[in-house]
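Here's a quick walk through some helix packing and aromatic contacts.

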Amino acid sequence: MKKLLVSVLALLVLVGCGSSSAGGKESSELRVFNWGEYIDKDLVKEFEKENNVKVIYEVFESNEAMYIKLQSGEKYDVIIPSDYMVQRLREEGKLQKIDYSKITNYENTLANLRGRKMDPQDEYTVPYFWGSVGIVYDKTKVDPALVEAQGWDILRNQDYKGRLYFYDSERDAFMIALKALGYSMNSTDEKEIEAAYEWLIALGKEMKPTYVADEVIDGMVTGVMDLAVMYSGDASYVLSENPNMAYHEPKQGTNTWVDTMVIPSDAQNVEMAHKWINFMISNEGSKRITKAIGYTSPIQKVIDEVTGPNGTYEGVSSYIPRSGYDKDEEFFYDAKMKALLSEYWTKIKASK
């Protein structure tokens, strides 16, 4: 009887610890916070089954919205911010270092995505997607040679007045204006910021752009506008759906960005977080995600496959963003400048 009681108690302890009788794998919960429409949803189910874990998968619409959620006390095991937000989180002590010995697929990621301002020593991040910001245009309505010659300034070419989509984002807007004027997109010079502000005021009044978010994708697929500012991954989808569309990265320079997987300092399931990260940058995982979403894989083997003969993005120029160009930059986090640009952006839209 005593042996039976011990056995029952042992079983209860195992159940309480979250072990599974169906193979002894850890049974637990993993909380993931990612951008909306940024994954192959079947992969989530496969990860759950393979690891006997319940994934609580939530989405956000902006880095800022994600940050507010973290500040409210919500805890996640993996989040996928953009580079400037990674920098902020790291500098505020809100991230923990990754154990790269548990991320065996990390060695397959592109070297040009490492050593960035957000994580200069490559201690906190694993790349998920990367890309650039550029111009999508209708080749049947806009001369490619003109786009090449004017770059960002074509957004103020009045031949296309009322025929332009522009991102409703102060970060991207000021990047474009600063680059068009020959300045760094991370400028903190008040005169340069003021000049960029005036450039954007003029664009709004002269061009009557339609300020948009994700609706730019369907709009360009169906040819609603002649020109649009777009992220390269969204552009890849548009180009694959509408052969009249092309993508251009202006010679004045642009933003090249990386969205990365990181582990918050207060994560509750660090071990499973490492497994998730490694799973998502496996060749198969990354290939499935990039084919479903259109953004560029951080793995060269996957890039070669999806852009090669009969690949999903064969001939789609936006799929492989420009790299190594000295006028392209990554965003840095600067709290003072962010507040100033937000204030200016509100005025810009109000003056349209």
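Predicted model: local features only at pLDDT ≥ 70, side-chain atom pairs only at ≥ 80, totals over all residues.

Start with helix 6 (residues 170-180) and helix 13 (residues 335-350), which pack at an angle of about 90° with their axes 9 Å apart. That angle makes helix 6 roughly perpendicular to helix 13, because anything from 65 to 115 degrees counts as such.

Which residues do the touching? On the helix 6 side they are Glu170, Ala173 and Phe174, and these meet Lys338, Leu341, Ser342, Tyr344, Trp345 and Ile348 of helix 13. Sorted by class, the contact between helix 6 and helix 13 has six nonpolar residues, two charged ones and one polar one.

## Aromatic pairs

How many aromatic pairs does a search of the whole structure find? The count comes to 21. Take Tyr38 and Tyr295: their pair is edge-to-face, with 5.4 Å centre to centre and 70° between the planes. Tyr38 sits in the loop between strand 1 (28-35) and helix 2 (41-51), while Tyr295 sits in the loop between helix 11 (283-293) and helix 12 (300-307), so this pair ties together parts that are 257 residues apart in sequence.

Are these two tyrosines buried or exposed? Tyr38 has a relative accessible area of 6%, so it's buried, given that the cut-off is under 20%. Tyr295 is buried too, at 8%.

Another edge-to-face pair is made by Phe166 and Tyr211, at 6.1 Å centre to centre and with 90° between the planes. Here Phe166 belongs to strand 6 (residues 164-167) and Tyr211 to strand 7 (residues 210-212), so the pair ties together parts that are 45 residues apart in sequence. Phe166 is buried, with a relative accessible area of 1%, and Tyr211 is buried at 16%.

## One aromatic cluster

Now go back to Tyr38 and Tyr295. Along with Tyr128, Phe129 and Trp257, Tyr38 and Tyr295 form one aromatic cluster. If you're clicking through the model, color those five and you'll have the Tyr38–Tyr295 edge-to-face pair in view as well.

## Charges over rings

Where does the charged end of Arg88 sit? You'll find it over the ring of Tyr67, 3.8 Å from the ring's centre.

Methods. Residues numbered from 1 in each chain as written. Heavy atoms only, no water. Axes fitted to C-alpha atoms, helices over the stretch in contact; angles between N-to-C directions. Helix = DSSP H or I, 4+ residues; strand = E, 2+ residues; numbered from the N terminus. Parallel < 35°, antiparallel > 145°, perpendicular 65-115°, else oblique. Contact = heavy atoms within 4.5 Å. Nonpolar A, V, L, I, M, F, W, Y, C, P; charged D, E, K, R; others polar. Phe/Tyr/Trp six-rings, centres within 6.5 Å; stacked < 30°, edge-to-face > 60°. Buried < 20%, exposed > 50% of the residue type's maximum accessible area, 1.4 Å probe, protein only. Lys NZ or Arg CZ within 6 Å of the ring centre and 35° of its normal.
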